[in-house]
Amino acid sequence: MTISAIQTELISVGYQISDCEFSAVENANTHLAVAREMETVRNDQNAEGQAYMKQHMDDEGVTSPTMEMIEYVNSNHFNAKYDAIISALSTKEKTLDREKTQIETKHTNLSARRESLQKELDKDVTQVFGTFK
């Protein structure tokens, strides 16, 4: 490969590495947003359970949860919508984890390619300019 072709390939690989790094940042930001959303859902779920318990206060404002109330707040029926949202978010997290692994693998391969091209370029430049000594 000519020096010019190697330089062109190095530039191309550099852009691809930049794209990978941008994708990695996007992935991390999305992962963080999903984690925050999951935390919000869990907080909402907890708040709804607390609100349910408060509906059953005695005259002095003391909540005395019965076993039946606790079982209801912990039941599949009560938690179904939250469990569905959390399941969807967990699936999204797994997808993001797979994408992160793919991005990292691509980045590693491109970095190795760049290193190889740089060595080839250094060798060729030394050969060309070494003839002018």
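Visitor: Where is Gln45 found?

Guide: In this predicted model, Gln45 belongs to helix H1.

Visitor: What makes Gln45 count as buried?

Guide: Its relative accessible area is 17%. Buried means under 20%, so Gln45 is called buried.

Visitor: Which residues is Gln45 in contact with, leaving aside its neighbours within four places in sequence?

Guide: Phe78, Asn79, Tyr82, Asp83 and Ile86. Each counts as a contact of Gln45 because heavy atoms lie within 4.5 Å.

Visitor: Is Ile3 buried, partly exposed or exposed, and how do you know?

Guide: Ile3 has 22% relative accessibility. The buried class needs a value under 20% and the exposed class one over 50%, so Ile3 is partly exposed. Ile3 is found in helix H1, which covers residues 3–54.

Visitor: What is Ile3 in contact with, beyond its neighbours within four places in sequence?

Guide: Ile3 is in contact with Leu121, Asp124, Val125 and Val128. Ile3 and Leu121 are 118 residues apart in sequence, while their C-alpha atoms are 6.2 Å apart in space.

Visitor: And where does Val128 lie?

Guide: Val128 is in helix H3, residues 76–130.

Visitor: Why is Val128 called partly exposed?

Guide: Val128 has a relative accessible area of 37%.

Visitor: What about Ala112, and what is its label based on?

Guide: Ala112 is placed in helix H3. Its relative accessible area is 47%, and exposed would require over 50%, so Ala112 is also partly exposed. From C-alpha to C-alpha, Ala112 and Ala5 are 18 Å apart in space and 107 residues apart in sequence.

Visitor: How many aromatic pairs does the structure hold?

Guide: Three.

Visitor: What makes Tyr52 and Tyr72 a pair, and why is the pair called tilted?

Guide: Their ring centres are 5.0 Å apart, and a pair needs centres within 6.5 Å. The planes stand at 45°; stacked is under 30 degrees and edge-to-face is over 60, so the pair is tilted.

Visitor: Which parts does this pair tie together?

Guide: Tyr52 lies in helix H1 and Tyr72 in helix H2, residues 67–73, so the parts tied together are 20 residues apart in sequence. With a relative accessible area of 31%, Tyr72 is partly exposed. Ring pairs also bring in Phe78, forming a cluster of Tyr52, Tyr72 and Phe78.

Visitor: How many helices and strands are there in the protein?

Guide: There are three helices and zero strands, and the order from the N terminus is α-α-α.

Visitor: How does the radius of gyration of the protein stand against that of a compact globule?

Guide: The protein has 29 Å, whereas a compact globule of 133 residues would have a value near 14 Å. The C-alpha trace spans about 100 × 25 × 15 Å along its principal axes.

Visitor: What share of the residues is buried?

Guide: Buried residues are 22% of the 133. The protein exposes about 9,600 Å², of which carbon and sulfur atoms supply 53%.

Visitor: How many side chains are positive and how many negative?

Guide: There are 14 positive and 22 negative side chains, with the centres of the two sets 12 Å apart.

Note on methods
Residues are numbered from 1 along each chain as its sequence is written. This is a predicted model: local features need pLDDT of at least 70, side-chain atom pairs count only at pLDDT 80 or more; totals for chains, interfaces and linings use all residues. Side-chain values use heavy atoms; hydrogens and water are left out. Helices (H or I, at least four residues) and strands (E, at least two) are DSSP runs, numbered from the N terminus. Buried means under 20% relative accessible area, exposed over 50%, partly exposed in between (1.4 Å probe, protein chains only). Rings of Phe, Tyr and Trp (its six-membered ring) pair if their centres lie within 6.5 Å; planes under 30 degrees apart count as stacked, over 60 as edge-to-face and the rest as tilted. The radius of gyration is taken over C-alpha atoms; the globule rule is 2.2 Å times the number of residues to the power 0.38. Accessible areas come from the Shrake-Rupley method with a 1.4 Å probe; for residues, only the protein chains shown count as cover. Lys and Arg count as positive and Asp and Glu as negative; His and the chain ends are not counted. The place of a charge is taken as NZ of Lys, CZ of Arg, CG of Asp or CD of Glu.
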